[in-house]
Structures are given as structure tokens and as C-alpha cells.
Amino acid sequence: MKTTISQVAKHKDQEVTIGAWLTNKRSSGKIAFLQLRDGTGFIQGVVVKNDVSEETFQLAKSLTQETSIYITGKIVEDTRSPIGYELQVSNIKIIQEAVDYPITPKEHGTEFLMDHRHLWLRSKKQHAVMKIRNEIIRSTYQFFNENDFVKIDPPILTGSSAEGTTELFHTKYFDEEAYLSQSGQLYMEAAAMAFGKVFSFGPTFRAEKSKTRRHLIEFWMIEPEMAFVDHEESLVIQENYVSYIAQSVLKNCKLELEVLERDTTKLENIKAPFPRITYDEAIELLKEKGFDDIEWGEDFGAPHETAIAESFDKPVFITNYPAEIKAFYMKPHPERSDVVLCADLIAPEGYGEIIGGSQRIDDLALMQEKYEEHGLTGPAYEWYLELCKYGSVPHSGFGLGLERTVAWLSGVEHVRETIPFPRLLNRLYP
Ligand code: 4AD
Ligand code: MG
């Protein structure tokens, strides 16, 4: 019977055939151990000389890395195996022999691996990271579906910018000037007025000249937007959501977290509520920690965020940033016009900002003022202003960066390993 590695528990003591690739092998005169993968998982195949034909044993010993095969044998329980089973091989049929596979079990440099990303994805560690990414996406849909949100897809080609104009990718839309979306937020606000609670999940683009472990040029964002929800209520939804995905990964990705040697005690602790500090308090905290020259009004860089996160063992919300360093659409604090009703959620262990969110301006006159201040002129922005005109209500939303979240939960250092084909400064290949 044909099966996959993920299903072997259902075939204990039965003979099965699996389509697989050889990742590694070791053999002696009497026995060969084949490390096999089929995309759904990894299993060891054991070929005993005395139990198979001489031809099969020689074939097993000569298999090269990444050769594709159909392999037949009996599934037997094995307590030493991470999946609890191994395959007692009886027959092997080669589909295609792979010669000189470039990624060998020895160490390779990062640039070499990135140039071979189309093959590197097959390796055990990369496989584990992508499975965790998949679990975060799966549990994201589950969380928002369970909480009565409607999935809405904003456009990727747009005529307006949501987060300022410096990081926009320009393109031609026939005769018009167009951009690749930096954020679907403005469209999600329109959707919230039509559907109440909505979320999006899609690619976003930032022409950022940043070469850091946290920046991608193309990244995926989850953007919920909620009518009749204020800033404080939004924070509760954010911490519940992040707790939910962290606990889902812990529960459903045990093998993957083990492959990645992730310290899971740190993740067990990721349960709502999360601590909150204001921007003002964050400045004080940084001064105490020796950042003497940080001034009120400055944005935080990676070292600041890491230092703040070190004081907490859960993600921490930094609230009420100065208006001048945040986007035009954020609602001013009712008691202090110099700060806005917003929060960034900073992940522990140096992974930085994973969420940016805020309550939005819902007053027409104030929005018009912001338009003037930020030079938002022309027909591209007219539709967004109309949202403040026809039944405007308090509303809030946020954006969670998928790749930074994957990096944090997986414990991998750099976001380039958290997306199948990363787009980085100076990298469009493969
Ligand atoms: O803070 P940002 O820029 O917020 C927005 O775009 C809002 N319009 C979202 C909203 O309220 N609907 O981005 C949100 C998140 C960041 O916290 C970060 O996790 C991620 O997106 N992000 C990036 N991830 C990888 N590479 C980049 N260059 C990123 N820029 C932002
Ligand atoms: Mg931000």
C-alpha cells in the first residue's frame, strides 16, 4: 500500500511503499541505514543484507543524496526514532538518480545556501521552520474565524500609500502611477465599515534599504480591523491572538521545535495578558539601562527594543508614541495631543516589533487637517476621507508581521529563513 511518512503510525507492522528522497546514509558490510524524507516527514529505513536480495542491498549502499525512490518495507515501532517508527526495507526502486547534489551534510556559508534556496528548502531545519509558518497561518485563520471576523482581501496594486511615501515600490498601471501595497490597512478600514470585524493576510512590499535580521523587502502581514473597538479593546484582542498562535505552535509543532532546539519553556509562558508600558516609561527605562542620549520624540531602533524586551519575559506593548513619528491616521490621545493611541508589540529575546497597531482617526475635520499636514492630495485619497463622512465610528486595527513572528516562535536568528523565497536588499534570486 502506498502511504506517506506522516501516516506511518496507521500502518504499524504492515508493508507499505513510500515515494521518498535519500537525505543521508551510513552502511557497513551487513546493514545500511537510509535517512529518508518525503515532504511530510523524515524516517529511517533499515536495509539488512540477509533479509533482501544482493541486488537491493548493493543498490541501497550506492544511493546518492537526493536520489528519488519508491521504497517498500514494513513499518515497525522504534522508541529511538523521533517519530516512533522506522522502515524495515524489502525493496527499492530508483525514480531518478541525483548526481552531485550541491548541499552536502558539511557546513555551507549563508550566501551559498541562499543561492541554493530552491534546494535548501528540503533540509530538515528549513522544513521545520516552514511547518511552523504553516501552523501560524492555520491557527490565525482559526482564531479569527472563531472570533467572528470576515477575511477580506485588499488590493496589491494601489494608487495611494498607507505608511508614508519613502518606502514605496513604484510601478506603472498602464498610464497611471501605481505602487505595490505597503499595507492593506486603509482598505481594511473601508471593509470594517461594511463587515464589522475583518482580517486580511497577504504580501506587502517595502523598498527599505535596511539590511538587518528583521527586514524583508516582501513580507506577509495579517491585518485585522474592527469597527466599534477602541485602542484598549484592540490590545486585548492582540494579546489573545498572539497567545493563541504561540500555544498552537507549541501543541502542534513538537517535532519541529525539537529539530530547531527551541527552548519551549520560553513559549509556554506566552499567555495573555501581556505587560504594557507607555513610550514615556520606555524612555525612562532606556535611560536607566544606560542609553543616555535617547531623547523624547526619537523612534526606537533594534538595540532599544531589545533592551526594553529584556525587562519582560512576555511580549510587551509600548503604547502612546509621539504623534510625529507615527502614521497620519492614528487617533490623538484624548488628554495629550502630542501622543497617539497606538501600540507596538515587542517580542521577547531580541526579535523586535511584531505588531504595529492603533485606534484610527474617525473625525472628518481632524482627518482633513492630517491630509494637509501630510500632503495627501489628489483623487487617490478621496475615497478614504469619505469613510469619515458617512457613519464614522471608533475603530482600531493592527498588523502582525508573519516572518518576524515565525522567527521568534521558531527561534531562528534571521527572517530570511522564515519565508520560502526571501526578497532581500540585493537578492531577487532564486
Ligand atoms: O508597523 P507597520 O509598518 O504597520 C502597518 O503597516 C500598519 N498599517 C498595520 C495596521 O495597523 N494594519 O508594520 C506592521 C508589522 C511590523 O510590526 C512588523 O512585524 C512587520 O509588519 N514589518 C516587517 N516585517 C519584515 N520586514 C519588513 N521590512 C517589515 N516592516 C514591517
Ligand atoms: Mg511599525
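**Cavities, strands and backbone exceptions in a predicted model**

The largest cavity in this predicted model has a volume of about 70 Å³. By cavity I mean a set of points, on a 1 Å grid over the protein atoms alone, where a 1.4 Å probe fits but cannot get out; lining residues have an atom within 4 Å of a point. Grid points are joined across faces, edges and corners, and the volume is the space filled by probe spheres set on the points.

Residues are numbered from 1 along each chain as its sequence is written, and chains are lettered from A and ligands numbered from 1 in the order in which they are written. As this is a predicted model, local features need pLDDT of at least 70, side-chain atom pairs count only at pLDDT 80 or more, and totals for chains, interfaces and linings use all residues, while side-chain values use heavy atoms, with hydrogens and water left out.

I return to the cavities. How many cavities of 30 Å³ or more does a search of the whole structure find? There are 3. The largest is lined by Thr-158, Ser-160, Ser-161, Ala-162, Leu-168, Leu-180, Ser-181, Gln-182, Ser-183, Gly-184, Leu-186 and Tyr-187. Its lining divides into 5 nonpolar, 7 polar and no charged residues. In this scheme Ala, Val, Leu, Ile, Met, Phe, Trp, Tyr, Cys and Pro are nonpolar, Asp, Glu, Lys and Arg are charged, and the others, Gly among them, are polar.

The second largest cavity holds about 60 Å³ of space. Its lining residues include Glu-189, Met-193, Asp-362, Tyr-384, Cys-388 and His-395. By class, this lining has 7 nonpolar, 2 polar and 2 charged residues.

Thr-158 leads us to a sheet. An open sheet of 3 strands runs in the order β8-β10-β9, with antiparallel pairing. The edge strands, each pairing on one side only, are β8 (157-158) and β9 (169-173). Strands here are DSSP runs of E of at least two residues, helices are runs of H or I of at least four, and both are numbered from the N terminus. Two strands pair if DSSP finds at least two bridges between them; β8 and β10 (residues 176-180) have 2 bridges. Within this pair, Thr-158 stands opposite Tyr-179 of β10.

Next, the chain as a whole. Its secondary structure comes to 13 helices and 19 strands. The C-alpha atoms fill a box of roughly 85 × 55 × 40 Å along the principal axes. Of the 430 residues, 51% are buried, where buried means under 20% relative accessible area, exposed over 50%, and partly exposed in between, with a 1.4 Å probe and protein chains only. The chain is divided into domain 1 (5-96) and domain 2 (117-417), with bounds from an automatic or database domain assignment. Between the C-alpha centres of the two domains there is a distance of 45 Å. Their contact (heavy atoms within 4.5 Å) takes 8 residues from domain 1 and 5 residues from domain 2. Of the chain's contacts with a separation of 6 or more, 66% are between residues 24 or more positions apart.

Ser-200, in strand β11 (residues 197-205), counts as buried because its relative accessible area is 2%. Beyond its neighbours within four places in sequence, Ser-200 is in contact with Lys-151, Ile-152, Pro-154, Met-188, Met-221, Ile-222 and Glu-223. Helix α13 (residues 402-410) is mostly covered, with 9 of its 9 residues buried; among them are Glu-403, Arg-404 and Trp-408. Just after α13, Gly-411 takes a positive phi of about 75°.

That brings me to the backbone. Most residues other than glycine have a negative phi, and most peptide bonds are trans. Which residues depart from this here? Asp-148, not a glycine, has a positive phi of about 75°. Asp-148 lies in the loop between α4 (124-146) and β7 (150-151) and counts as exposed because its relative accessibility is 62%. Glu-261 likewise has a positive phi, of about 55°, and is found in the loop between α7 (254-259) and α8. With a relative accessible area of 73%, Glu-261 is exposed.

As for peptide bonds, the one from Ala-272 to Pro-273 is cis, with omega near 0°. Pro-273 is in the loop between α8 (265-268) and β13 (276-278). A cis bond also joins Tyr-429 and Pro-430, with omega about -5°, and Pro-430 is in the segment after α13.

Methods:
On a 1 Å grid over the protein atoms alone, a cavity is a set of points where a 1.4 Å probe fits but cannot get out, and a pocket is an open set with protein on both sides within 12 Å along at least five of seven lines; lining residues have an atom within 4 Å of a point.
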